[in-house]
Amino acid sequence: SFDEFLRVTKQYLPHVARLCLISTFLEDGIRMWFQWSEQRDYIEATWSCGYFLATCFVLLNLIGQIGGCVLVLSRNLVQYACFGLFGIIALQTVAYSILWDLKFLMRNLALGGGLLLLLAESRSEGKSMFAGVPSMGESSPKQYMQLGGRVLLVLMFMTLLHFDSSFFSILQNMVGTALIILVAVGFKTKLAALTLVLWLLAINVYFNAFWTVPAYKPMHDFLKYDFFQTTSVIGGLLLVVALGPGGVSMDEKKKEW
């Protein structure tokens with residue numbers, strides 16, 4: 001049954017979730033390494049900030065993202081790693097003028113949501129930054145972080161909807177939206193999140209198969225970007241499966257009734 005599945009996967013589910021969640025940062029950091037000069041020239045041309053600053057920007061992106069990922073995966077200084085990655089999201093949002101592109105902005109917000117879930121998870125392991133501060137019953141920052149993370153995952157999911165009128169797209173949107181609403185309000189959260197993970201996984205491998213497109217075509221990069229973004233959503237949802245919805249959710253309130 002579903003509970004048995006959760007019990008069996010409890011040890012390694014969080015690790016898989018964390019890897020998926022930060023895959024976007026990892027891929028972007030590696031891309032900075034391989035496209036070093038293109039990225040630098042782009043920043044230099046866009047902001048006319050000079051060679052040195054553009055190089056610093058790319059270097060910061062590279063070290064910040066790969067360093068943050070290593071820390072998150074090795075479970076060291078997770079909170080600082082998350083704050084660092086938050087900073088990089090903010091930096092990129094400005095640097096690549098993402099603010100005016102709603103789809104990209106929502107994706108960046110959703111990545112922030114994933115990081116919030118990571119933060120909440122690292123706090124739940126007892127390594128709290130606010131050690132010694134008495135917690136006020138149910139409404140600890142951790143639970144609001146989990147709620148915030150779930151709500152931001154919804155944003156991410158919305159960017160993956162397909163707005164065309166084919167039957168499959170409409171079905172896909174309806175099923176997905178129903179499940180993500182369950183995740184957001186925290187009703188049958190773990191089951192809904194897991195169903196959504198399997199659904200997204202299938203769609204991701206089928207539609208975003210960037211490895212089938214030659215690397216020199218622009219489509220390759222688009223699909224790759226979509227693939228890793230979707231993988232990050234999957235990671236966020238797997239964390240929800242692993243940790244549960246937290247206190248601010250219908251699943252928790254049912255227990256009180």
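1. **Cysteine 20 and its nearest partner.** The sulfur of cysteine 20 is 12 Å from the closest cysteine sulfur, which belongs to cysteine 69, and that is too far for a bond. A disulfide is counted when two cysteine sulfur atoms lie within 2.5 Å. Cysteine 20 is buried, at 15% relative accessibility. Here buried means under 20% relative accessible area, exposed means over 50%, and partly exposed is in between, using a 1.4 Å probe and protein chains only.

2. **How to read the model.** This is a predicted model, in which local features need pLDDT of at least 70, side-chain atom pairs count only at pLDDT 80 or more, and totals for chains, interfaces and linings use all residues. Residues are numbered from 1 along each chain as its sequence is written, and side-chain values use heavy atoms, with hydrogens and water left out.

3. **Cysteine 69, and the whole structure.** What is the closest cysteine sulfur to that of cysteine 69? The answer is the sulfur of cysteine 82, at 10 Å, again too far for a bond. Cysteine 69 is buried, with a relative accessible area of 1%. A search of the whole structure finds zero disulfides.

4. **Where α2 meets α3.** Helix α2 covers residues 13-34 and helix α3 covers residues 36-47. Helices (H or I, at least four residues) and strands (E, at least two) are DSSP runs, numbered from the N terminus. The axes of α2 and α3 come within 5 Å and cross at roughly 90°. So α2 is roughly perpendicular to α3. From α2, the contact uses Arg31, Met32, Trp33 and Phe34; from α3, it uses Trp36, Glu38 and Gln39. These residues divide into four nonpolar, one polar and two charged.

5. **Terms for that crossing.** Axes are lines fitted to C-alpha atoms, for helices over the stretch in contact, and angles run from 0 to 180 degrees between N-to-C directions. Angles under 35 degrees count as roughly parallel, over 145 as roughly antiparallel, 65 to 115 as roughly perpendicular, and the rest as oblique. Contact means heavy atoms within 4.5 Å. Ala, Val, Leu, Ile, Met, Phe, Trp, Tyr, Cys and Pro count as nonpolar, Asp, Glu, Lys and Arg as charged, and the others, Gly among them, as polar.

6. **Asparagine 204.** Look in helix α9, residues 189-207, for asparagine 204. Asparagine 204 is buried, at 2% relative accessibility. Its side chain makes a polar contact of 3.4 Å with the side chain of threonine 231. A polar contact is a pair of N or O atoms within 3.5 Å; within protein, one must be able to donate a hydrogen and the other to accept it, and residues adjacent in sequence count only if both atoms are side-chain atoms. Not counting residues up to four places away in sequence, asparagine 204 touches Ala209, Asp226, Phe227, Thr230, Thr231 and Ile234.

7. **Asparagine 208.** Asparagine 208 sits in the loop between α9 and α10 (218-243). Is asparagine 208 buried or exposed? At 10% relative accessibility, asparagine 208 counts as buried. A polar contact of 2.9 Å links its side chain to that of asparagine 204. Beyond four places in sequence, asparagine 208 touches Ile203, Leu223, Asp226, Phe227 and Thr230. Lysine 224 is 16 residues from asparagine 208 in sequence, and their C-alpha atoms are 6.8 Å apart.

8. **Glutamate 121.** Helix α6, residues 102-124, holds glutamate 121. Glutamate 121 is buried, at 3% relative accessibility. Which side chain does glutamate 121 join in a polar contact of 2.6 Å? The partner is arginine 18. Leaving aside neighbours within four places in sequence, glutamate 121 is in contact with Pro14, Arg18, Arg75, Leu239 and Leu243.

9. **Two positive phi values.** Serine 48 is not a glycine, yet its phi is positive, near 35°. Serine 48 lies in the loop between α3 and α4 (50-74), and is exposed, with a relative accessible area of 63%. Lysine 188 is not a glycine either, and has a positive phi of about 45°. Lysine 188 lies in the loop between α8 (167-185) and α9, and counts as partly exposed at 47% relative accessibility.

10. **Glycine 186.** The loop between α8 and α9 also contains glycine 186. Glycine 186 is buried, at 0% relative accessibility. Apart from neighbours within four places in sequence, glycine 186 is in contact with Arg150, Pro245, Ser249, Met250 and Asp251.
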